[in-house]
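Work through the exercises below with the coordinates open. Each task is followed by a solution in steps.

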Amino acid sequence: MPADRGRTPAVVPAWVPGASLTVSLLGLVAAAYLTFEHFTSSSTLACPETGVVNCAKVTTSSYSSLAGIPVAVLGLMFFAAMVGLCLPAAWRRDSSALRLVRLGSVGVGVVFVLYLLWAELFRINAICLWCTAVHVLTLLTFFVALYRLQQQMMGEDARQAIASARPAAKNGAA
C-alpha cells in the first residue's frame, strides 16, 4: 500500500530493524537446530534428558508435531518469514499492510508459543531449553513489533493533531 500523499512517513528508530533482525536470525538458528535434531532422532540434542528439563522428552512427544508437520519445521518457517519481514528494507517501507502482516505473523507465533508452553508444563511435564530459547525469541520479536506499532500510532496521533491545528492557525491568521 503506497504512502499517503502529503504525509511524511514515520521514522523507524535505528535500533528496531537491527534488534528484530538479530532476534529473528537467532530464532532461525535455534529452530534449524531443533529441526536437525527432529530428523536425526534427537541423537545429539545438547540438553539434559532427566528431570524437569528434558529436551528429548519434549521434542519426541505427541505435541512435537501439528497435523503431521514437526513443530520444529513450523518454527523454522516462522523465523524464515520473520527474517524477511524484519529486514531493514522492510522496516523502511511505509506500508500499513506490511506492518499488519509483521505484527499478525508474530502474534500467531506468540499464540503458538503459549500453546507449546501449556503442552510442556501440563501435558509433557518437561521443559526443553532449546524450545524455551525459541519461545523467548518469539516474544522478543513480538515486543519489538508491538513497540514499533505503538510508537507509530503515537506519531500518527501527533501528526493528526498538528494537521488539524494548521487550518485553525490559518483561519486565525486571516
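**Exercise 1: a tryptophan and its ring partners**

Task: Classify W118 by its relative accessibility.

Solution. W118 has a relative accessibility of 33%. Partly exposed covers the range between under 20% (buried) and over 50% (exposed), so W118 counts as partly exposed. The model is a predicted one.

Task: Which type of aromatic pair do Y63 and W118 form?

Solution. Step one is the distance: the ring centres of Y63 and W118 are 6.1 Å apart, and the cut-off for a pair is 6.5 Å. Step two is the angle: the planes stand at 85°, and over 60 degrees counts as edge-to-face. The pair of Y63 and W118 is therefore edge-to-face. Step three places the residues: Y63 is in the loop between α2 (55-59) and β1 (65-66), while W118 is in helix α5, 55 residues apart, and the pair links these distant parts of the chain. Y63, with a relative accessible area of 23%, is partly exposed. Ring pairs also join Y63 and W118 with F112 and Y115 in a cluster.

**Exercise 2: a second ring pair**

Task: How many aromatic pairs does a search of the whole structure find, and why is the pair of Y33 and W130 classed as it is?

Solution. The search finds eight aromatic pairs. For Y33 and W130, the ring centres are 4.4 Å apart and the planes are at 45°, so this pair is tilted. Y33 belongs to helix α1 (residues 15-39) and W130 to helix α6, so the pair ties together parts 97 residues apart in sequence. Y33 is partly exposed at 21% relative accessibility. W130 is partly exposed at 27%.

**Exercise 3: a cavity and its lining**

Solution. Helices α5 (96-124) and α6 (129-173) each supply at least two of the lining residues.

Task: Where does the charged end of R102 sit relative to the ring of W91?

Solution. The charged end of R102 sits over the W91 ring, 3.6 Å from the ring centre.

Terms used: Residues are numbered from 1 along each chain as its sequence is written. This is a predicted model: local features need pLDDT of at least 70, side-chain atom pairs count only at pLDDT 80 or more; totals for chains, interfaces and linings use all residues. Side-chain values use heavy atoms; hydrogens and water are left out. Helices (H or I, at least four residues) and strands (E, at least two) are DSSP runs, numbered from the N terminus. Rings of Phe, Tyr and Trp (its six-membered ring) pair if their centres lie within 6.5 Å; planes under 30 degrees apart count as stacked, over 60 as edge-to-face and the rest as tilted. Buried means under 20% relative accessible area, exposed over 50%, partly exposed in between (1.4 Å probe, protein chains only). A charge sits over a ring if NZ of Lys or CZ of Arg is within 6 Å of the ring centre and within 35 degrees of the ring normal.
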